[in-house]
Amino acid sequence: MKVDVLTLFPSILQAALDESILRIAREKGALDAVLWNPRDFTSDRHRTVDDRPYGGGPGMVMKPDPVVLCAEKARETRGPGRVIVLTPAGRRFTQALAREYAREEHLVLVCGRYEGIDQRVVEVLGAEELSVGDFVLSGGEIAALAVVEAVARLLPGVLGDGESTVEESHESGLVEYPQYTRPPEFRGRAVPEVLLSGDHGRIRDWRRASAVERTRRRDEAEGRGAERPGTEQEQRTAQEEGP
Ligand code: SAM
């Protein structure tokens, strides 16, 4: 998959692209990432990428021309991709959307800075607006990275055989069951007995029930969810067996 990221701070993304799963995805040829800097598409002596907002107000706004010229160059060089502008005002990113993006051949991610990007960029590029959550970052780089990483790990061949994305949080509408590794007891807290039993049927039932219970608790903490996920039996199993 091709991913182009437009950013005023390419080094933030480059550092992450050179580590761990993203590095492996690139080495395996599953991810072909290129970084572009809109500042390279300015024409004035000061390489200006921002200006004061029309209508007044604090801060600066990213000028449309360097961003659009940069995106056009990226698409001309690499082909027509699905253009996504990162903004807290966008549609919220989800695992389902990560799966949808993973089926694309080419994504072009546009990172804002300052008070954001001139709105005409979205219209001119026919872009969609995407948010990684209801909070405000100082720039789109971390948001773009969240998207690239969530998508890259879904690409065929990126994760090892032993690592599955199928059972993970949000794949089935539930968050994942809690995980444990050695030692069997840590600071007086034992691993749930069922996980040491070797009984795969019981383990499967416990994991499913724990996922249901964890999802319910999370919904409750967020003030959501009169509707309880899972069957009554699963809710009972989770409550009986802990944690
Ligand atoms: N003034 C904007 C607002 O109130 O919506 C916030 C601009 S923010 C300081 C600068 C840039 O960070 C945005 O243009 C966007 O690219 C990025 N950004 C911040 N929070 C984000 C989020 N939750 N999701 C996606 N991008 C975000």
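Let me begin with helix α2 and helix α6, whose crossing is left-handed. Please keep in mind throughout that what you see is a predicted model. In general, two packed helices are described by the angle between their axes and the distance between the axes. For α2, which covers residues 20-27, and α6, the axes come within 10 Å and cross at roughly 60 degrees. An angle under 35 degrees would count as roughly parallel, and one from 65 to 115 degrees as roughly perpendicular, so α2 and α6 are oblique to each other. If you look for the residues that make this contact, you will find I21, L22 and A25 on the side of α2, and V148, E149 and A152 on the side of α6. Sorted by class, the contact of α2 with α6 holds 5 nonpolar residues, no polar ones and 1 charged one.

Now compare this with helix α1, residues 10-17, which also packs against α6, residues 141-152, with axes that come within 9 Å and cross at roughly 30 degrees. Because angles under 35 degrees count as roughly parallel, α1 and α6 are described as roughly parallel to each other. The crossing of α1 and α6 is right-handed. Here the contact is made by I12, L13 and A16 from α1, together with E141, A144 and L145 from α6, and these residues divide into 5 nonpolar, no polar and 1 charged.

Let us turn to the ligand. Which residues come closest to it? Of the 20 residues that surround the ligand, the closest are L86, G112, L137, G140 and A143. Strand β5, which runs over residues 82-92, gives the most to this shell, with 4 residues. By class, the shell around the ligand is made up of 10 nonpolar, 8 polar and 2 charged residues.

Stepping back to the whole chain, we find it divided into domain 1, residues 2-154, and domain 2, residues 169-226. The centres of these two domains, taken over C-alpha atoms, are separated by 36 Å.

S20, which lies in helix α2, is not a glycine and yet has a positive phi, near 50 degrees. The peptide bond from R182 to P183, in turn, is cis, with omega near 10 degrees, and P183 sits in the loop between α6 and β8, the strand of residues 185-186.

How values were computed
Residues are numbered from 1 along each chain as its sequence is written. This is a predicted model: local features need pLDDT of at least 70, side-chain atom pairs count only at pLDDT 80 or more; totals for chains, interfaces and linings use all residues. Axes are lines fitted to C-alpha atoms, for helices over the stretch in contact, and angles run from 0 to 180 degrees between N-to-C directions. Helices (H or I, at least four residues) and strands (E, at least two) are DSSP runs, numbered from the N terminus. Angles under 35 degrees count as roughly parallel, over 145 as roughly antiparallel, 65 to 115 as roughly perpendicular and the rest as oblique. A crossing is left-handed if the near helix is turned anticlockwise from the far one by less than a right angle, and right-handed if clockwise. Two residues are in contact if their C-beta atoms, placed from the backbone, lie within 7 Å. Ala, Val, Leu, Ile, Met, Phe, Trp, Tyr, Cys and Pro count as nonpolar, Asp, Glu, Lys and Arg as charged, and the others, Gly among them, as polar. A residue is near a molecule or strand if its C-beta atom, placed from the backbone, lies within 6 Å of it. Domain bounds come from an automatic or database domain assignment.
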